Amino acid sequence: MTKDIPGTDLPLTEPISGDEYMQVLLQRQAAWLARNGGALKFPPLLEWFVQDGDEQWVQLTETEPAPKKERKPRVYRSAASLREERDNVAAKLDALTAEDTTDGAVVNLSPNSRSKSAARAGRRRFAKMDRDLQRYTTLRNKLALLNSRVATAEAREKRAA
């Protein structure tokens, strides 16, 4: 492809680094663009300007392989710490479910009430119920996970003993 451009078909005659070789390829590309018009949508690939015999003159830097990471043994949490966390989550769950009010009129608040203040209070009550339901679900799932992790930790500690 570069044979029709004077000066670009000359082979390399001395050793050069990889960065210098990139500059040579860019010069070959620029010469080709100058000859064939630079109004192309995409410029030609630099790979098109690699000539036979270039490989023997290009000296690439040798890279050392990355050292292998030392594998550290996995650290497990103790069953006691998991039990403590499980008890904290259970206490939060109990506190959330024990927040029932003794006022019977609160259950009559509806967001569809005709009274503005009752409707506002009803919306607040429903929003609180939604938040409590989301929190309850999150805590219940976390409690189930911690129960299984405690059982696994106890079995692991029993095997190790």
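## Exercises on a predicted chain

The protein chain has 3 helices and 2 strands, where helices (H or I, at least four residues) and strands (E, at least two) are DSSP runs numbered from the N terminus. This is a predicted model, in which local features need pLDDT of at least 70 and side-chain atom pairs count only at pLDDT 80 or more, while totals for chains, interfaces and linings use all residues. Residues are numbered from 1 along each chain as its sequence is written, and side-chain values use heavy atoms, with hydrogens and water left out.

**Exercise 1.** Find where Arg 28 lies, decide whether Arg 28 is buried or exposed, and name the partner of its side chain.

*Solution.* Begin with the position: Arg 28 belongs to helix H1, which covers residues 18-36. Next, take its relative accessible area of 4%, which means that Arg 28 is buried (buried is under 20% relative accessible area, exposed over 50%, partly exposed in between, with a 1.4 Å probe and protein chains only). Finally, the side chain of Arg 28 makes a polar contact of 2.9 Å with that of Asp 54; such a contact is a pair of N or O atoms within 3.5 Å, and within protein one must be able to donate a hydrogen and the other to accept it, while residues adjacent in sequence count only if both atoms are side-chain atoms.

**Exercise 2.** Classify the aromatic pair that a search of the whole structure finds.

*Solution.* The search of the whole structure gives 1 aromatic pair. Its members are Trp 32 and Phe 49, with 6.5 Å centre to centre and 65 degrees between the planes, so the pair is edge-to-face. The rule is that rings of Phe, Tyr and Trp (its six-membered ring) pair if their centres lie within 6.5 Å, and planes under 30 degrees apart count as stacked, over 60 as edge-to-face and the rest as tilted. Trp 32 is buried at 11% relative accessibility, and Phe 49 is buried at 0%.

**Exercise 3.** Explain what the salt bridge between Glu 154 and Arg 83 ties together.

*Solution.* First, check the distance: the closest N and O atoms of Glu 154 and Arg 83 are 3.1 Å apart, and a salt bridge is a side-chain nitrogen of Lys or Arg within 4 Å of a carboxyl oxygen of Asp or Glu. Then locate the partners: because Glu 154 is in helix H3 (residues 116-160) and Arg 83 in helix H2 (residues 79-97), the pair ties together parts 71 residues apart in sequence. Lastly, Glu 154 is partly exposed at 36%, and Arg 83 is partly exposed at 29%.
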